[in-house]
Amino acid sequence: GIFPLPSVISIFLGSAEKIVGIPPVSMSAAKSGLLGEIFPEILKAETGYMNGDNLNIEELMKLKPDVVFYNAGNADWGKMLKNAGIPGVGVSAGKWDYDVLKTYDEWIALLSKIFPESDKAGIVSEYSKNMYDKIQKRVSTLKQDEKRKVLFLFQYDDQKMITSGKHFFGQYWCDAVGALNAAEEITVDNDSAKITMEQVYKWNPDVVVITNFTPTMPQDIFENKIGGDNWSNVKAVKNKAVYKMPLGSYRSYTPGADTPVTLLWVAKKVYPELFKDIDITKEVKDYYVKIYGIKLTDEQVVRMFNPTPAGADGFKK
């Protein structure tokens with residue numbers, strides 16, 4: 001149930017050979033993003049023990065896992081694993097109030113305890129802190145009326161538009177780059193934040209960021225292709241400031257191995273004038289080599305920052 005975790009474990013260990021099973025949503029991201037290319041063995045992992053949010057414990061037991069990582073918020077899964085005699089490690093995505101950077105650091109700290117021979121807690125935490133500080137140094141001079149208003153589209157199709165209110169990852173991305181969350185007034189938890197075009201008109205965001213949990217692309221919004229909605233007079237559309245989030249090792253809206261460089265990407269998109277000297281391709285390649293010893297090509301980084309609608313395959317709400 002912690003969909004980014006298989007990618008984090010693979011990158012952390014420098015291999016996916018130890019991974020015998022992952023959720024279908026994780027597999028679709030591995031196929032659409034870079035993970036399956038970096039570690040082809042991940043594509044051999046089983047997915048049949050999961051059906052939506054339902055865990056088939058009999059199918060899971062057939063994989064003979066030494067340990068199972070599961071969503072700590074699902075107490076039933078913990079009991080099922082215990083009853084089956086399988087060691088389980090509960091992992092949280094929301095424990096740190098959707099602070100993406102903190103969550104990523106905590107996951108790496110946990111993995112470093114479980115796999116001490118691959119300990120990266122110190123170097124990851126230091127890199128994350130330095131990246132955050134670098135961004136803060138540049139955005140801290142912004143006056144309140146200079147801060148840009150950002151609207152996240154977590155999901156968007158002909159039936160629904162779901163954003164990030166105060167209690168979801170979008171709030172952190174905005175806070176961390178000195179921006180304002182257009183939907184901050186919405187206080188329902190995570191992906192329950194359904195909105196309408198009337199609210200979008202009222203907020204009139206400067207920037208729109210689309211996740212890879214929806215197939216919608218910036219061009220769909222520029223051309224008003226979704227649900228009969230008219231975006232033409234929204235400030236972000238007028239200024240061509242509508243962007244699709246990166247898809248590297250996983251869908252980058254959530255915590256994951258790409259989190260520190262995704263933070264830089266968000267900052268550069270929201271305030272291009274403050275980060276115009278930043279070569280994002282170089283930053284990503286340097287990060288992966290320095291932290292994980294993985295060499296990405298320029299072409300791979302370009303694809304990371306230019307995902308296709310297929311990035312949302314397998315995810316339904």
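Helix 7 (residues 121-139) and helix 12 (residues 259-270) pack against each other in this predicted model. Their axes come within 9 Å and cross at roughly 10 degrees. An angle under 35 degrees counts as roughly parallel, so helix 7 is roughly parallel to helix 12. Why quote both an angle and a distance? Because two packed helices are described by the angle between their axes and the distance between the axes.

So who touches whom? On the helix 7 side you'll find Tyr127, Ser128, Met131, Tyr132 and Ile135. Across from them, helix 12 brings in Pro260, Val261, Leu263, Leu264 and Ala267. Sorted by class, this contact has nine nonpolar residues, one polar residue and no charged ones.

Now for a look at some backbone angles. Most residues other than glycine have a negative phi. Asp97 has a positive value, though it isn't a glycine, and Lys240 is also a non-glycine residue with a positive phi. Here they are side by side:

| Residue | Phi | Loop | Relative accessible area |
|---|---|---|---|
| Lys240 | about 55 degrees | between helix 11 (235-238) and strand 9 (242-244) | 53% |

Note on methods
Residues numbered from 1 in each chain as written. Predicted model: local features only at pLDDT ≥ 70, side-chain atom pairs only at ≥ 80, totals over all residues. Heavy atoms only, no water. Axes fitted to C-alpha atoms, helices over the stretch in contact; angles between N-to-C directions. Helix = DSSP H or I, 4+ residues; strand = E, 2+ residues; numbered from the N terminus. Parallel < 35°, antiparallel > 145°, perpendicular 65-115°, else oblique. Contact = heavy atoms within 4.5 Å. Nonpolar A, V, L, I, M, F, W, Y, C, P; charged D, E, K, R; others polar. Buried < 20%, exposed > 50% of the residue type's maximum accessible area, 1.4 Å probe, protein only.
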